[in-house]
Amino acid sequence: MSVFTLDVLEKELTGAKKVAIAGHVRPDGDCIGSCSAMYQYLKLYGNELGMEQVDVYLETFGPEFKIVPGVDDIRHSAEYEETYDVFISLDCSSIDRLGDFIRYFESAKRTICIDHHITNDNFADVNHVIPDVSSTCEVIYDLMSYDRITRDIATSLYLGIVHDTGMFRHSSTSDKTMKIAGSLISKGIDFTRLIDETFIQKTHPQMKIMGQALVDSRLLLDGRIVVSFIGTDMMKTYDVSSTDLDGIVDQLRMVKGIEVAVFIYENGNGTIKISMRSNGIVDVSTIAHKFGGGGHVKAAGFTFEGSVNEAIEKVVPYIEEQLSKAK
Ligand code: AMP
Ligand code: MN
Ligand code: MN
């Protein structure tokens, strides 16, 4: 029985002795889930393809993800002197999103990209990108043989699906997504704990800064856009870092009547990060792409060199343009 259901993947990995896996900067649930699932899978079955070493790289992430299987083995820096036969990029729409781990991509003999971002620019030797699918974890599920998926691998895959679908609410959730989630549950995973601890629970400072962002939010364009901003001074006040701001933009999206939620924070190096969420009419991925970022139709982001006001002044007209076309 082959290890992977996709011939090109099986072929590329056959004979590869050293394999690296990495995901995007500021890893989210789908990134952590897909990297840990692929890592565990290759650790268990890679030997059938001749694999001798599998390493996984991701930037550091919050302690809430410590319950995900396989994460203890993740390397958090690019200081390791390694060269790989195959490098697998997961949940990354472009090469720069690999951050420091780009060095392993560039020195690898062959590169594979598995992803679901509509803005993916097919930067690897082999690209398996399916934009309509909910998550990279859902893409990966289809590449694995069901009988080989252990409970731990199922936990990692479920994590990514839950996070990228916003707990099965986003429109990327298909009937197939639900069937896959069901089949992962039948592996005996503790999904209640997984969802509670990685998605729902927040530390008190995280909850407070979200409250601050909501209080400070403003409506633009007659209430069709909601915008909020958190600066580094505010992060200091609440003793949080930018990774503690996840979820704020999704909360802003819940404002009744808005089409787009925009959340901005300072990176602390002179740049700012812009996250956008759309309720359907506006394609925010095309807007993010204009500024060198990317994402999905309803969730996208980019990094901007300039002030918050400048970013808003530049982004709002693009949203306005799309809204007026849709009228
Ligand atoms: P975020 O707003 O950071 O939660 O990201 C929303 C979506 O946009 C995710 O799928 C990200 O992978 C993507 N995204 C966010 N920032 C960037 C960026 N700078 N470049 C490319 N894609 C991004
Ligand atoms: Mn992601
Ligand atoms: Mn994803």
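**Close-up views of a predicted model**

By class, the residues that line the largest cavity comprise nine nonpolar, no polar and no charged ones, in a model that is predicted.

**View 1. The largest cavity and its lining.** The space inside the largest cavity comes to about 50 Å³, and the count of cavities of 30 Å³ or more is one. Its lining is formed by Val227, Val262, Ile264, Ile274, Ala311, Ile312, Val315, Val316 and Ile319. Strand S8 (260–266) and helix H12 (308–326) each contribute at least two of the lining residues, and H12 gives the most, with five residues.

**View 2. The largest nonpolar core.** Nonpolar side chains tend to be buried together in soluble globular proteins. In this predicted model, the largest nonpolar core has 53 residues, of which Phe4, Leu13, Leu42, Ile114 and Leu157 touch the most other members. Helix H2 (residues 29–45) supplies the largest share of this core, nine residues. Another core, which lies apart from it, has 24 residues, among them Ile264, Val284, Ala311 and Ile312.

**View 3. The surroundings of Leu13.** When neighbours within four places in sequence are left aside, Leu13 is in contact with Phe4, Val19, Leu42, Leu49, Met51, Val86, Ile88 and Ile112.

**View 4. The second largest pocket.** This pocket has a volume of about 170 Å³, and the residues lining it are Ile67, Pro69, Arg151, Asp152, Thr155, Gly188, Ile189, Asp190, Arg193 and Leu194. Helix H5 (151–164) and helix H7 (191–200) are the elements that give two or more residues to this lining, with H5 giving the most, three residues. By class, the lining of the second largest pocket holds four nonpolar, two polar and four charged residues.

Note on methods: Residues numbered from 1 in each chain as written. Chains lettered and ligands numbered in written order. Predicted model: local features only at pLDDT ≥ 70, side-chain atom pairs only at ≥ 80, totals over all residues. Heavy atoms only, no water. 1 Å grid on protein atoms, 1.4 Å probe; cavity = no way out; pocket = protein on both sides within 12 Å on 5 of 7 lines; lining within 4 Å. Points joined across faces, edges and corners; volume = space filled by probe spheres on them. Helix = DSSP H or I, 4+ residues; strand = E, 2+ residues; numbered from the N terminus. Nonpolar A, V, L, I, M, F, W, Y, C, P; charged D, E, K, R; others polar. Core = buried A, V, L, I, M, F, W, Y, C linked by side-chain atoms within 4.5 Å. Buried < 20%, exposed > 50% of the residue type's maximum accessible area, 1.4 Å probe, protein only. Contact = heavy atoms within 4.5 Å.
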